[in-house]
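Here are my notes on the model you sent over.

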Amino acid sequence: MGISFKKALVTGGAGFIGSHIVDALIGKGCDVIVIDNLSTGHMSNLEHTKGKMSFCQGDIRDIDFIMKKAEGCDVIFHQAAVVSVPLTVEKPVDSAMVNEIGTIHVLEAARKNHVKKVVLASSCAVYGDDPEIPKNEEMVARPQTPYAAQKYSNEQYARIYNQLYGMNTACLRYFNVYGPRQDPSSPYSGVISIFMTRAAKGESPLIYGDGRQFRDFVFVKDVVHANLLAAGLEKSDKNVFNIGTGSYIRINKLWDMVCRLSGASIEAEYAPPRAGDILESVANIDNAKKILGFEPEYAFEKGIEKTFEWYRNQPQTERRP
Ligand code: UD2
C-alpha cells in the first residue's frame, strides 16, 4: 500500500499501538517524529528504530511543545492518552487534562501548522453498556466512564474542527487490540497480555464471571493498517470507524487457546464479574470496509500465535522503560 504523505508525527509513539505505527511509517520511508512522555510508553518499544526516526520526550498537555513538533508535518497519528479506564475513574480531572485538553492541543497544533490530516485513536468504550451487537457507528453513544466520555469528546472535537476549520480528521474506534508489546504489568492490562504471561509462568489466570463473555480481538498490525488507510482518506462526512474484526472469542476459549500454544494444561480460577464489565462486544466493520477499504488480515489464530512468540521471548521480569 502506497502512502501520500512524507512527514508524520506520532503522539504516544513509544506505546503499544503507537510504536507499531512508527514501524510501519519507517517501513514506508516516511520522515517520522515520535513524541511520548513515557508515562506508560517504553523506550524499549522503539529500540530497533534508533536513527530511523526522531524521538522527543514531552507531553501533549504542553501546547508549545506539541505546536513545535507539528511544524512541517503532513499527518498526525494521535495515540497518546491515559488508556486505563479505572485510572480515569479514579482521576477524572487529571485524565481529562491529557485525554481532552491534550487532544485539543493536538488539533490546534494541526490547525496552526496546516497539517493535512489527523487520525485519532478512539474506543469501542463510547458504546457503553448498550446490549445491541454488533456495534455500528450509527448507534447512540452511551459513555459510562470518564475514559469513554473523553474519547467521545475527542470525536466531537474532530468533527467540529472538520466543520469549522475544514480540517481532515478521522477517528478510529478500536475494539480489543492485542499483539506484541502490550504491557501486561497492570491488573487492568489487556486480557491477552495477562493470559500470555500467566501461561509462560505456569500460573492460573483469573477469569471474571463465567468466562462466557466475549470480545472482538483485533491484531495490532491490522489496527496500524487501518490508521494508514484513514490517513489517506479524503475529507468525508463519515469519519468515525469501528476497527475490529467482526468476529468474537469467549474468554474461556481464549484461555484454552493460550494453553494449547504454550503446551500448558492449567485450570483457570474464577472470580465474580468485574464491576461494569460489558458481556458482549463485537464490531460491525462495514463502514471501515466500504469507506476505508479495511480488511483485517490476521485471523485470531494467526495473531495470537505471533503474540505468543513475542511473549515467549520476553524475560519474565518487569519491563524497564
Ligand atoms: C477494553 C479496553 C478498554 C476500553 C473497553 C471498552 C483493553 C485492554 N481495554 O476493555 O480500554 O476501551 O474495552 O469497553 O483493550 N478478563 C478476565 N481476566 C483478566 C483480565 C480480563 O477474565 O485477568 C476479562 C474481563 O473481565 C473482560 C475481558 O476479559 O470480560 C476483556 O477484558 P480487558 O480488560 O482485556 O478489556 P475490556 O474489554 O474490559
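1. The buried residues of H5 get their cover from several elements, including helix H3 (85-90), helix H4 (92-112), strand S5 (117-123), strand S6 (168-174) and strand S11 (240-243). Cover here goes by contact, meaning heavy atoms within 4.5 Å. Helices (H or I, at least four residues) and strands (E, at least two) are DSSP runs numbered from the N terminus.

2. Which residues of H5 are buried? Tyr 147, Ala 148, Gln 150, Lys 151, Ser 153, Asn 154, Glu 155, Ala 158, Tyr 161 and Asn 162. Buried means under 20% relative accessible area, exposed over 50% and partly exposed in between (1.4 Å probe, protein chains only).

3. A word on the source: this is a predicted model, with local features needing pLDDT of at least 70 and side-chain atom pairs counting only at pLDDT 80 or more, while totals for chains, interfaces and linings use all residues. Residues are numbered from 1 along each chain as its sequence is written, and side-chain values use heavy atoms, leaving out hydrogens and water.

4. H5 itself (residues 146-165) has 20 residues and reaches 27 Å from first C-alpha to last, close to the expected 28 Å (1.5 Å times one less than its number of residues). Just after H5, Gly 166 has a positive phi of about 70°.

5. Zooming out, the chain holds ten helices and 13 strands. Of its 321 residues, 53% count as buried. Among contacts with a separation of 6 or more, 79% come from residues 24 or more positions apart.

6. The C-alpha trace spans about 55 × 45 × 40 Å along its principal axes.
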